[in-house]
Amino acid sequence: GLNLRVRTTDMKVEGENFTMFAVQDITDERRCAELERTFFQDVTNIADAIRRMTTILERVPSDKQDDVRQEIATAALQLIEEISSHKILATAERDELVCVPETTSTLELLRETVSFLSEHSCAEGRQVVLDRKAVDCALETDRRLLSRVLVSMLKNAVEATSPDRIVTAGCDREGGSVRFWVHNVEVMPHIVALQVFRRSFSTKGTGRGLGTYSMRLIGERYLKGRVSFVSERGSGTTFSAVFPLRFTGQRASA
């Protein structure tokens, strides 16, 4: 829907009182503010974690310092990922995102995504695994953008999953398409399910609902896929992203 700013001014014309209304569409302005707020919050949280780890580095025993250094390196990688993710989303919303398709391995890309999320701070206490039946096939796509979609799918599932539970990712061949999927055992409340792809809707607070929004925006508008989910009692929640094996979107000009 639209975000509107309404101003009223009382005025008198030839002895009669009138109220003048001025309506301004501030949808883009609101979106930019929400994106900026989310970006700074995410980046600040990760940067603060890096600062705290560097502060304690010299105080831990020497045999434990390599572990702390690895945590710092992982957090730095997450910081880079957040910056890149928000940059891509901002570019996509301005309709300035261009696709550079290449042939990639579905299984290799999925393994990289699972490995990255397994080390992410949001996965603490949870297990992120790759389904043993995940298929490998050659997919022509923009690898960078597809990676962002898969990271958003997994991160969303991990954040919705209770500690000590498992999030599973996989991919299947469906004729001339490939389906990536992410499953967790939690059931999405009906009110959440109705709004899950709305920009900025989130159960985590104002301005936090960019993950599911971005996976559909990039996955469908730019990669020409279909992003959906099913959430049912007894089977949990599964997000799916289906893409044609041959890229059908707009390619970057040479």
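Predicted model: local features only at pLDDT ≥ 70, side-chain atom pairs only at ≥ 80, totals over all residues.
1. Overall make-up. The protein chain carries six helices together with nine strands. Of its 254 residues, 44% are buried, and the accessible surface of the chain amounts to about 14700 Å², with carbon and sulfur atoms accounting for 50% of that area.

2. Geometry of the helix pair. Two packed helices are described by the angle between their axes and the distance between the axes. Helix H2, which spans residues 65–93, packs against helix H4, spanning residues 143–159, at an angle of about 110 degrees and with the two axes 11 Å apart. Because an angle of 65 to 115 degrees counts as roughly perpendicular, H2 is described as roughly perpendicular to H4.

3. Residues at the H2 and H4 contact. On the H2 side the contact is formed by Glu-81, Glu-82, Ser-84, Ser-85 and Ile-88, while H4 contributes Arg-144, Leu-145, Arg-148, Val-151 and Lys-155. Sorted by class, the residues of this contact between H2 and H4 comprise three nonpolar, two polar and five charged ones.

4. Ser-105. Where in the chain does Ser-105 sit? Its place is in strand E3, which covers residues 102–105. The relative accessible area of Ser-105 is 19%, and since buried means under 20% relative accessible area, Ser-105 is classed as buried. Leaving aside residues up to four places away in sequence, Ser-105 touches Asp-136 and Cys-137.

5. Gly-170. Strand E6, made up of residues 166–174, contains Gly-170. Is Gly-170 buried or exposed? With a relative accessibility of 0%, Gly-170 counts as buried. If residues up to four places away in sequence are again set aside, Gly-170 touches Leu-110, Asp-131, Ala-134, Arg-179, Phe-180 and Trp-181. The C-alpha atom of Gly-170 is separated by 6.6 Å from that of Val-182, a residue twelve positions apart from Gly-170 along the chain.

Technical notes: Residues numbered from 1 in each chain as written. Heavy atoms only, no water. Helix = DSSP H or I, 4+ residues; strand = E, 2+ residues; numbered from the N terminus. Buried < 20%, exposed > 50% of the residue type's maximum accessible area, 1.4 Å probe, protein only. Areas by Shrake-Rupley, 256 points an atom, 1.4 Å probe, with all protein chains shown as cover. Axes fitted to C-alpha atoms, helices over the stretch in contact; angles between N-to-C directions. Parallel < 35°, antiparallel > 145°, perpendicular 65-115°, else oblique. Contact = heavy atoms within 4.5 Å. Nonpolar A, V, L, I, M, F, W, Y, C, P; charged D, E, K, R; others polar.
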